[in-house]
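Please read the following note on aromatic pairs, ring-charge placements and a surface patch alongside the model.

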Amino acid sequence: MTEPQRLITIKAALQQRRMPVYRKIVRRVWRLFIAGVVACVGVFLAISFAAIPSFRELENPNSALASEVLGSNGAVLGRYFVENRVPVTYDDLSPYLVQALLATEDERFREHSGVDAKAVARVVVRTILLSDQSAGGGSTITQQLAKNLYSDRNFDGMSKTEKMVALAYRKLREWITAIKIEKRYTKEEILAMYLNQVDFVNNAFGIRAAAEVYFGTTQDKLKVQEAAALIGMLQNPSRYNPNTFPERCIRRRMVVLYQMWQNGYLSENQYDSLKVLPLDMSRFKRVNFSDDTAPYLCAELKKDVQFILETPEARKPDGTQYNIYRDGLRIYTTIDPAFQRHAEAAMAGHMAKTQQRFFQVWKNRDPWTYRGRETTAAEIEQRKEELLKLIRASDRYQQLWPAYMGTLSDRIQEKYEFELQDSDILRMLADEKDGKTITTHVAKNWLSASKAGQYRQIMDGRDWPEIKKQWNTLQKEIMARYKTRIKMTVFDWNSPKYEKDTIMSPYDSLRYHRMFLQTGMLAVDPATSEVKAWVGGVNFKYFKFDHVRTMRQVGSTFKPFVYATAIAQQGISPCYQVYDLAVTIPARYQNFTTIADWTPKNSTGAYSGNLLTLKEALKGSVNSVSAFLMKQMGSPEPIRGLLNNMGLDSAARRTDGDYRIPKQPSICLGAADLTVWEMTSAYATFANKGMYARPYVIRKIEDRNGRVIYRSQPDEHPALPANVNYVMLEMLKYNVSGAPGIRDLQSEVGGKTGTTNDYTDGWFMGVAPRLVVGTWVGGEDRWIRFLSLTDGQGSRMARPIFADFIKRLEQDATAGYDFNARFFRPPGDLEIEIDCSKYLNGALPAGDEEDFAPDIYNDELQPEQEARSRELLPA
């Protein structure tokens, strides 16, 4: 055997002996390969089915969408949000936004299927291997959208190995999600979803909110340079915030414009001209609740919407409850933005002048210590206590409270399972002083017996002396802070945007703002029952309390209900004559329940003795004639029945247990506390042919997918016979004939003023064929008032707002207000004579109907009369 042959034989033998090893290695390699493939598939499947949102989650991402309040024309009146986010569709987007986004963030967006292989390769080679940080990122727009669907993007607290594993897992998950998104959605839908997801800071979530906040426009009307600035923010919204860092934003905007030029969306000339433009931030406006078009409406509407959402029929398909702040509801209202704008303007114009006069009247006077003829020491103490309540409700006080009372409060909670509050301490201090406060509160059901027992345990315990000491120390400290002058911004009618910077103590600021007169105003279309405008106060930023739904005494605005009842019951004419003489309703007279005689006075304290027609008496708010009609009816029940038909629940009670519409004769003078909403609702009956129709402001509510979850249902029924109703309209028209501001209107209008005790409340209820407006003016506190009838009557405080509002509508051809409409007169014979010349056989009523007579009879209900009548009425 030659040498070569021997070597071959040896190699063959060795290969034969090694073959099992080779085969074993090959099997292991294949096993590892298969295991790797299976593992990858397993991980892929696990991520696909377990970690990636379902299609439904992709369509409705886990982000809080603002609910919108929309006006009758579709304009946004306000939003409820945790995040100010309102989605838009691709068709709504400005083409400049799309071009800037594609040029800057994803040039091959139209070509890839979610993952851009070229971009990934560039990142691997240049960024990872060559450490070139200028190479850019590899994420597509779809991947960025996918990333936004997950909240676990933080690597804090991880080791380097953990970070690598987490990064690999998340990147794989991101790729898979991006591919699924591309399969499920069109490219256009992906672009819209992405821009809806971005947080542009300054409470602007999504492109629509960003366009409004930064440039005061809608996203479809953005200019090229504005679109470029917003797209430039995507890299780092805080760093390139145009309001905070304008220079950075301009440099970043230039990069975006350059990319648009490079990708053929701009010409070189366009790029050169756009890149040098200044950054216009003049329309920048942070969003908050007081920026809503109708902030008082939105604040009150929120309560109604939340009540609706609690009903079973307004639930989600899966039975869960909608969230007004997160579920992107669309709340369609009847509010007309043009009417709302004119109502706000009329209110502001008049209230600025009224407030100026108010400050003149109170110059060198203090409403909290001012004493009228009948002011008692107890009333003065009450005023001071109300001021202290405001201090104790302030943020300053609440932030200071734990430092002095926190430890004690925890100890009391642990010992007695009792949450110690200021109101509790005040009751215990009062009881320690007079020995009867707790007992009295229990007797009047203001305090439970069990809580009273806890009070006594605390007062008998060892902690009570320390509670008193710490609480008194707290009061001294807060007053010291409240009386320290500091820089602040306050409300001011005469300053730009109604606010000015000044130096003032918080205590003086509190008193200053409390002295502003407020207003409540509601406008309703009587033909449709739609609420067209809602003004709840003079300025929502500084005065949050709404006065459309606040109960205030209505004064003589109540008297038309008395006259309407009398005319309906007896068929008497408005020309029927009554002497202006004292009228006494004896104790227990017919169906009255008073236990003493009741004789109301006119506000002048005297009776003219003149023979007055009913229409003259109503115009002059003559109390004696209202009392005469009440006595003729023999009971307050007919009036309460009419009001029930006009939408005012006669069975409703106040918190103290008394009826809101009292069962006593003094209601004929307006001794009832009602809201602007209720009064406007009732007066709308007069303008609606005697038919009561419940006003509504929410037309419907849709969820984010357009599913209707609530729709307003009409509620209408007869309240007054048509002939009686028309007679009342004639009387209401006569009330305002020749009145300043009213006589210049083209509309057919009627109305009634109201003024309550001590000029605390000024009312005007105005009716026109296509609009009924209720207006109230007064102070938050009842001692914030004018000091004379000249300034404080309803015709001076409230009626000018109505007149200016209607005039503005008449002059605005685009508002859609029909000033040519006229009240409906029933066909045929009214069966009630309204022509006083015929009724009185040619004798005209005193005075010319076209000559306006001022309210010489104050609308007031005398304080002693009201108090006495309330005392005499059994609960």
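Is Tyr512 buried or exposed?

1. Tyr512 is buried, at a relative accessible area of 17%, where buried stands for under 20%, exposed for over 50% and partly exposed for what lies in between (1.4 Å probe, protein chains only). This is a predicted model, in which local features need pLDDT of at least 70 and side-chain atom pairs count only at pLDDT 80 or more, while totals for chains, interfaces and linings use all residues. Residues are numbered from 1 along each chain as its sequence is written, and side-chain values use heavy atoms, with hydrogens and water left out.

2. The count of aromatic pairs comes to 28, given that rings of Phe, Tyr and Trp (its six-membered ring) pair if their centres lie within 6.5 Å, with planes under 30 degrees apart taken as stacked, over 60 as edge-to-face and the rest as tilted. Tyr258 and Tyr271 have ring centres 6.0 Å apart and planes at 65°, so this pair is edge-to-face. The pair joins distant parts of the chain, since Tyr258 belongs to helix α10 (residues 246-262) and Tyr271 to helix α11 (residues 268-274), 13 residues apart; helices here are DSSP runs (H or I, at least four residues) and strands likewise (E, at least two), numbered from the N terminus. Tyr258 is partly exposed at 34% relative accessible area, whereas Tyr271 is buried at 8%.

3. The rings of Phe359 and Tyr512 have centres 6.2 Å apart and planes at 10°, so they are stacked. Phe359 lies in helix α13 (residues 337-361) and Tyr512 in helix α20 (residues 506-514), 153 residues apart. Phe359 counts as partly exposed, at 31% relative accessibility. Both rings belong to a cluster linked by ring pairs, which also includes Trp362, Phe491 and Phe786.

4. Arg184 has its charged end over the ring of Tyr185, 5.3 Å from the centre, and Arg248 lies over the face of Phe245, at 4.1 Å from the ring centre.

5. Beyond neighbours within four places in sequence, the contacts of Tyr332 (heavy atoms within 4.5 Å) include Leu70, Val697 and Glu702.

Methods:
Lys NZ or Arg CZ within 6 Å of the ring centre and 35° of its normal.
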